[in-house]
Amino acid sequence: MPDAFPLPIQEAAALLGVSTHTLRYYEREGLLTVPRAAGGERRYTERELEMLRFLLRLRGTGMGMAGLREYVALVRQGDGTVAARRELLVRHEQAVVARLEALRADLNAIRHKIEKYDRQHSPVLHKETA
């Protein structure tokens, strides 16, 4: 983690592994408010980076922008929304688990087909790679 906060957008993007365009997009979508320096440049604090890390994980697991907006709106409303935030995350977790199970089934089908090809065409496959 960098020693000096706040960070300009380029450093924040590099630290998070996203583009500056992505950070600007998240801000335009109302997912976070980024403090600005006197010249108007965005300056990311640990608080914004922490929120972004989590939002990026949610997005990476398939949560849509509407879900992200809902989550952020609940966070902004304060501690009284913890139960609602938890429920939103539980629903998302269930969707992720279902997708993982479907992916496992798809992967098993692929592996089965590979094994079938290996059994049926083993001499041919070994000859081609030799």
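Please keep in mind that the model is a predicted one.

Let us begin with the pair formed by helix α1, residues 9-16, and helix α2, residues 20-28. Their axes come within 8 Å and cross at roughly 100°, which means that α1 is roughly perpendicular to α2. On the α1 side the contact is made by I9, Q10, A12, A13 and L16, while α2 contributes T20, L23 and R24. Sorted by class, this contact of α1 with α2 has 5 nonpolar, 2 polar and 1 charged residues.

Staying with α2, you can look at how its residues divide between inside and outside. L23, Y26 and E27 are the buried ones to look for in this helix. They cover an arc of only 100° around the axis, so they sit on the same side of α2. Turn to the face that points away from this buried side, and you will find the exposed residues H21 and R28. What do the buried residues of α2 pack against? Their partners are α1, the strand β2 (43-44), α3 and α4 (65-77). Just after the helix, G30 takes a positive phi of about 80°.

The next step leads from α2 to α3. The axes of these two helices come within 12 Å and cross at roughly 95°, an angle that falls between 65 and 115 degrees and therefore makes α2 roughly perpendicular to α3. Here T22, L23 and Y26 of α2 meet L52, L55, L56 and R59 of α3. The residues of this contact divide into 5 nonpolar, 1 polar and 1 charged.

L52 deserves a stop of its own. This residue belongs to helix α3, which spans residues 46-60, and L52 counts as buried because its relative accessibility is 0%. Which residues does L52 touch, leaving out those up to four places away in sequence? They are L16, L23, Y26, L32 and Y44.

Now for the aromatic rings. A search of the whole structure finds 2 aromatic pairs. Y25 and Y26 form one that is edge-to-face, with 6.2 Å centre to centre and 65° between the planes. Y25 counts as partly exposed at 29% relative accessibility, whereas Y26 is buried, with a relative accessible area of 4%. F54 and Y71 form a tilted pair, 5.5 Å centre to centre with 55° between the planes. Because F54 lies in helix α3 and Y71 in helix α4, this pair ties together parts that are 17 residues apart in sequence. F54 is partly exposed, with a relative accessible area of 31%, and Y71 counts as buried at 11% relative accessibility.

Our last stop is H92, in helix α5, which runs over residues 82-129. Is H92 buried or exposed? At 12% relative accessibility, H92 counts as buried, because the cut-off for buried is under 20%. Setting aside neighbours within four places in sequence, H92 is in contact with L58, T61, G62 and M63.

Note on methods: Residues numbered from 1 in each chain as written. Predicted model: local features only at pLDDT ≥ 70, side-chain atom pairs only at ≥ 80, totals over all residues. Heavy atoms only, no water. Helix = DSSP H or I, 4+ residues; strand = E, 2+ residues; numbered from the N terminus. Buried < 20%, exposed > 50% of the residue type's maximum accessible area, 1.4 Å probe, protein only. Contact = heavy atoms within 4.5 Å. Axes fitted to C-alpha atoms, helices over the stretch in contact; angles between N-to-C directions. Parallel < 35°, antiparallel > 145°, perpendicular 65-115°, else oblique. Nonpolar A, V, L, I, M, F, W, Y, C, P; charged D, E, K, R; others polar. Arc of directions from axis to C-beta. Phe/Tyr/Trp six-rings, centres within 6.5 Å; stacked < 30°, edge-to-face > 60°.
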